[in-house]
Amino acid sequence: MAAALVPPAFGAPSPAQLTATFKDRAYANQAASAAAPTCAVSIVGIKDLRSSPELVGVIARRPILAPTDFTEWMHAVLHGLTMRGVAIVYDDKAIPQKGMPVVAIGLQTAWVASAATVYSANVVVHVAVDGVGARHIDKVYRGRVSRTAYWSGGSDTMQSAIDGAFADALDTIAIDLKEICAA
Amino acid sequence: MKLSYLLATGLALTASVVSAAAPNFIAEPARVVAGGRAIQVLVAQAEIKSEINPSNIAVATGGGLLGGLLAAAQDASRAKKAEAAIEPVRAALAGFDADGLALATTKAALGQVAWFQPVAIVFGKDSSVLGENAVLDKTTAAQVAFIEYSYDLSPSFDSVRVVAKLQFANKALPASSTKPEARLNARNLAYAQSITSIVILPAPGDINANAASWSADGAKKARAALTVAFGTIEKLLPRTLTLTEDETKAMNAKDKPRGVAGGFSGRIQSTDGPVTLLWAGGFVHAQPLP
């Protein structure tokens, strides 16, 4: 197998700590109001289904640590649905808002890997939706992105890769949610 | 290309030249460790990885910044294509417990080596230097055998590959060393070896056709290939651990012809129809998917 990015031969590479944030490249210059939501959903659950929640990968023998606050992280990511035309309401008591599709989210996997000078990030998100009427979704969505470490192999690149993977998954999730809303 | 990356790569290569390598066999007196040997089974990845052939355009263009940029762009393009192509395989492999298979493989293999006598076999995901260092700090055993598995599809997706990397590190700091992570430097390891197990798709096509074949019927072929590949490691791990210095030298002797199998080159140890066992510093076993 090809060698990944090679760390210096001295000392232990310090961990890259990802933060509970989400930079949405595609919508970076767009105001939230620019995409007026055409759909609103009630999120009644966000579960962490990852097998190793503390780690998103090891690259060049360096640990890439997941954000420590899972809920804050997912709230930041799911805000990306708003930019894609889906307004979200959180209901921790699992009492659905009247007339809104009810959504439960489960993060199954979020991981990064390297090949040559390229970082690849993948996320797998399970989404269950009870729509108004008989419409339902029970589906696994995947998101992926590759980033080249031209100028930085640090935490920023890892964060950007994970954010890109989530953005990729959100694109498809939003399309399906809007279909449910329109039904 | 990032200057510090190139510098780090250069330093690492330089260091690897000047530092002595760890022994690739376990001498008789070192087999039983006073104070015991703990086992840490590691699988860092969450799903099957894609791999690419790194670009050599930088060499072809005489190097320099432009060559480096062109190579990085070519790598990025290849990685993007590979990640797109592998997605159906990953989706179809959902629920396949490679972590559990790695742990079971290790337990079954080590059970065949009477003198190994592990004090504990623990599974983990953190194969970083910091993670392994923390294991060494925590253990009550005198030595930890790190057995790290990785699995991927070859760059053309024509084969599934499983690699077991074996690194034995002592808990005690090496003489004249003050940094705990020095225990994991190649020159300080008690033992380092690897086993590569390759299962080749019959009648492979292009990358997308191969991906479709691996992922069809709930990834039936990919699941079978991974199971066979880990099964081969289970057989080769005891053999690897019991190799003597003379045996490793004999396998690398010039009377053994060189050959290529599953994309790897080495000295041929045995062939049985389409099944080949190479020695390339460690065992490389290639076989078609049954």
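Which residue is the bridge partner of Thr276(B) in β9(B)? Hold that thought, everyone, and I'll come back to it after some housekeeping.

What we have here is a predicted model, so local features need pLDDT of at least 70 and side-chain atom pairs count only at pLDDT 80 or more, while totals for chains, interfaces and linings use all residues. Residues are numbered from 1 along each chain as its sequence is written, and chains are lettered from A and ligands numbered from 1 in the order in which they are written.

Let me begin with chain A. Its secondary structure comes to two helices and eight strands, where helices are DSSP runs of H or I with at least four residues, strands are E runs of at least two, and both are numbered from the N terminus. Reading from the N terminus, the order is β-β-β-β-α-β-β-β-β-α. Chain A has 183 residues, and 44% of them count as buried. Buried here means 20 or more other C-beta atoms within 10 Å of the residue's own, exposed means 12 or fewer, and partly exposed is in between, with C-beta atoms placed from the backbone. Contacts, for us, are pairs of residues whose C-beta atoms, placed from the backbone, lie within 7 Å. Among those in chain A between residues at least 6 apart in sequence, 76% join residues at least 24 apart.

Now the sheet. Five strands of chain A form an open sheet in the order β5-β2-β6-β7-β8, with mixed pairing; two strands pair if DSSP finds at least two bridges between them. At the edges sit β5 (86-90) and β8 (136-148) of chain A, each pairing on one side only. From one strand to the next, the twist averages 35°. Strand β2 of chain A, residues 39-48, pairs with β5(A) in the parallel sense over five bridges, and Val41(A) stands opposite Ile88(A) there.

Two helices lie across these strands. Helix α2 of chain A, residues 155-182, lies across β2, β5, β6, β7 and β8 of chain A and runs at about 150° to β8(A). From the other chain, α4(B) lies across β6, β7 and β8 of chain A, running at about 160° to β8(A). For these angles, axes are lines fitted to C-alpha atoms, for helices over the stretch in contact, and the values run from 0 to 180 degrees between N-to-C directions.

How do α4(B) and α7(B) pack? Helix α4 (residues 64-92) and helix α7 (residues 207-241), both of chain B, pack at an angle of about 5° with axes 8 Å apart. That makes α4(B) roughly parallel to α7(B), since angles under 35 degrees count as roughly parallel, over 145 as roughly antiparallel, 65 to 115 as roughly perpendicular and the rest as oblique. On the α4(B) side the contact includes Ala85(B), Val89(B) and Ala92(B), and on the α7(B) side Ala211(B), Trp214(B) and Gly218(B) are among the residues involved.

Val89(B) shows up again in the largest nonpolar core, which has 120 residues; Val89(B) is one of those with the most contacts inside it, a group including Phe166(A) and Leu226(B). Such a core is a set of buried Ala, Val, Leu, Ile, Met, Phe, Trp, Tyr and Cys residues joined through C-beta atoms within 7 Å. Leaving out residues up to four places away in sequence, Val89(B) touches partners including Ile48(B), Leu153(B) and Trp214(B).

Also in α7 of chain B is Arg223(B), which is partly exposed, with 18 other C-beta atoms within 10 Å. Arg223(B) touches Leu93(B) and Phe96(B), again not counting residues up to four places away in sequence.

Back to my opening question. Strands β7 (residues 264-272) and β8 (residues 275-279) of chain B pair in the antiparallel sense over five bridges, and in their hairpin Gly273(B) takes a positive phi near 60°. Four bridges then join β8(B) to β9 (residues 283-288) of chain B, also antiparallel. The partner of Thr276(B) in β9(B) is Ala286(B).

Most residues other than glycine have a negative phi. Ala60(A), however, has phi near 50°, in the loop between β3 and β4 of chain A. Ala203(B) has phi near 50° too; this residue is found in the loop between β5 and α7 of chain B and is exposed, with 10 other C-beta atoms within 10 Å.
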